[in-house]
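Biologist: I have a model open and want to learn to read it. Can you take me through some features?

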Amino acid sequence: MKTIRIGTRNSPLALWQAHEVEAKLQNLGLQTEIVPIISSGDKNLNQPLYALGITGIFTKDLDIALLNNEIDIAVHSLKDVPTLLPENVQISAVLERDFPEDVLVKNKDAEVLDLNVLKIATSSLRRRAFWLKEFPETEFTDIRGNVQTRLKKLDDGVADATIFSLAGIKRMNLDVEYEQIPFLLQAPSQGVVAIASKIDNPELSDILKSISHMETEICITIEREFLKTLEGGCTAPIGAKAELIGTQIRFVGRLCSLDGKDCIETDEIFDWNDSENFGAKLALKVLENGGKELMDEIRKSL
């Protein structure tokens, strides 16, 4: 096979992910080339993502490059990838999930402050809503940029603290003090590196399938189907975590109103098989339990 061109955003974290994929492909004896692409989400750092009104803000430029045959594969953080993919594009492989949790990082002046009095910098609707569920009086400010940019903004005093995916800190090997915050249920498929390719390239699809991590694949399929069934194309505060334990899945899911006052949660253990759409079934339970009305309110608000 010819050299595989690996498309990626050009942030340090995205490049780390691309090099992880490159190493696995090179271990198969394949030639590779990294092709950095500046995404629309990286060009506009002044508005929160939910205000931009674009689905797949971090992925669409890579999708275009893929469909135009400028790259052969695109490497993404899977949580950034919309559940509805462009025509002729598929997620062909996922790497083993690592560090899916959200963590809190405080600036030095706020290290002694309790969680309930912190001013939080985050542009994530999910993180805001889940935090407000616990601490309804919290003040927020928007923050955008890669991990390093956000850490600098925090040091400059934009807020008392901000929230990161732990994967970003670990993968960059950053010397940062952080706190675990278990009540911030992770985004669906957080902590997963995904590889997208064109459906009409079966030879490449077979190669990518050989480096995909099956356990992670099972879990993220459930999480993304849960998200897809709930959201219907609307950005909303949704968390999901599926864990494979032997032949069973433990699934925790949550949908919250934007202010965190109304939340619907599910926590179930079930036997897994590859023929049922468990994510959709779990989401339908949430929708039937008040989730439909909650989603209607969120759509009106946004």
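Modeller: We will go through a helix, a strand, some rings and a disulfide. This is a predicted model, so local features need pLDDT of at least 70, side-chain atom pairs count only at pLDDT 80 or more, and totals for chains, interfaces and linings use all residues. Residues are numbered from 1 along each chain as its sequence is written, and side-chain values use heavy atoms, with hydrogens and water left out.

Biologist: Start with the helix. Which residues of α8 are buried?

Modeller: Buried means under 20% relative accessible area, exposed over 50%, partly exposed in between (1.4 Å probe, protein chains only). Helices (H or I, at least four residues) and strands (E, at least two) are DSSP runs, numbered from the N terminus. In α8, residues 202–209, the buried ones are Leu204, Ser205, Ile207 and Leu208. Down the helix axis they fall within an arc of 160°, so they line one face of α8. That arc is taken from the directions from the helix axis to the C-beta atoms.

Biologist: What does the face turned away from the buried side carry?

Modeller: Pro202, Asp206 and Lys209, which are exposed. For packing, contact means heavy atoms within 4.5 Å. The buried residues of α8 pack against β1, α1, β3, β4 and β10.

Biologist: Take β10, then. Which way do its residues point?

Modeller: Val193, Ile195 and Ser197 point one way, and Ala194, Ala196 and Lys198 the other. Six of the six residues in β10 are buried. Two strands pair if DSSP finds at least two bridges between them. Ala74 stands opposite Ala196, and Val89 has Lys198 as its bridge partner.

Biologist: How many aromatic pairs does the structure hold?

Modeller: Rings of Phe, Tyr and Trp (its six-membered ring) pair if their centres lie within 6.5 Å; planes under 30 degrees apart count as stacked, over 60 as edge-to-face and the rest as tilted. There are five pairs. One of them, Trp131 with Phe135, is tilted, at 5.5 Å centre to centre and 50° between the planes. Trp131 and Phe135 form one aromatic cluster with Phe183. Trp131 counts as buried, at 0% relative accessibility.

Biologist: Last, which cysteines form a disulfide?

Modeller: A disulfide is a pair of cysteine sulfur atoms within 2.5 Å. A search of the whole structure finds one. Cys256 and Cys263 form it, with sulfur atoms 1.8 Å apart. The torsion about their S-S bond is about 105°, so the disulfide is right-handed.

Biologist: Are these two cysteines buried or exposed?

Modeller: Cys256 is buried at 0% relative accessibility. Cys263 is partly exposed, at 24%.
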